[in-house]
Amino acid sequence: MGVPSEEARGGAIASRLNRLRAAVMGANDGIVSTAGMVVGVAGAAVGSGALLVSGVAAVIAGALSMAVGEYVSVASQRDAQEAEPAHEQQQLDTDPAHEIDHLTGLFAAQGIEASLARQVAERLMAESPLAAHARYELGIDPGQLTNPWHAVWVSTAAFVLGHQL
């Protein structure tokens, strides 16, 4: 089994960070909102049964709210990631020479000597112009887009578990 490419590692890191972000937000909301609800209901001097029901209802409502919010947020991010390559393809179709120059400039800005930067840009453009621009200009891999369902499940679980901390 070979060593994963830099691109694959970057996608894996982005995926883990997405799940970590969802977990932290979910746990934080689970702690704060559920505690706030239970303290508020307890302040009304209700019986222990009503307090328990309000706590369970707060956990369920909060978990569902977090799930929907995470899905909408991450799905919107994914939509934007999908739209950028389409725009880039339009630019490649319209003015490919300018796009080679642009890619060359990106490599040169990283300290690569200009003639070598041009060779690299031309080589990458010959193989897959859109993949080259998506990776080096946009910083995305169309095959490694964020998954909103990962964020949904992590955030929901973190919310439910967060109030128990």
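Reply: Happy to. Contact here means heavy atoms within 4.5 Å. By that rule, leaving out residues up to four places away in sequence, Ala-121 touches Ile-100, Leu-103, Thr-104 and Phe-107. Do keep in mind that this is a predicted model.

Me: What makes up the largest nonpolar core?

Reply: That core has 8 residues: Leu-92, Ile-100, Leu-103, Phe-107, Ala-117, Ala-121, Met-125 and Ala-132. Helix H3 (96-109) and helix H4 (114-127) each supply at least two of its residues.

Me: Why is Glu-113 called partly exposed?

Reply: Buried means under 20% relative accessible area and exposed means over 50%. Glu-113 has 48%, so partly exposed is the label. Glu-113 sits in the loop between H3 and H4.

Me: What makes the pairing of the Glu-113 and Ser-115 side chains a polar contact?

Reply: The cut-off for the N or O atoms is 3.5 Å, and this pair is at 2.6 Å.

Me: How do you know that the length of helix H6 agrees with its number of residues?

Reply: At 1.5 Å a residue, the 15 residues of H6 (148-162) should span 21 Å. The end C-alpha atoms are 20 Å apart, which agrees.

Me: Why are the buried residues of H6 said to line one face?

Reply: Seen down the helix axis, the buried residues fall within an arc of 165°, so they line one face of H6. Among them are Val-152, Ala-158 and Phe-159. Trp-153 and Leu-161, on the other side, are exposed.

Me: What caps the N-terminal end of H6?

Reply: Asn-147 does, with a side-chain oxygen 2.8 Å from the backbone nitrogen of Trp-149.

Note on methods
Residues numbered from 1 in each chain as written. Predicted model: local features only at pLDDT ≥ 70, side-chain atom pairs only at ≥ 80, totals over all residues. Heavy atoms only, no water. Helix = DSSP H or I, 4+ residues; strand = E, 2+ residues; numbered from the N terminus. Expected span 1.5 Å × (residues − 1). Buried < 20%, exposed > 50% of the residue type's maximum accessible area, 1.4 Å probe, protein only. Arc of directions from axis to C-beta. Polar contact = N/O pair within 3.5 Å; in protein donor to acceptor, adjacent residues only side chain to side chain. Core = buried A, V, L, I, M, F, W, Y, C linked by side-chain atoms within 4.5 Å.
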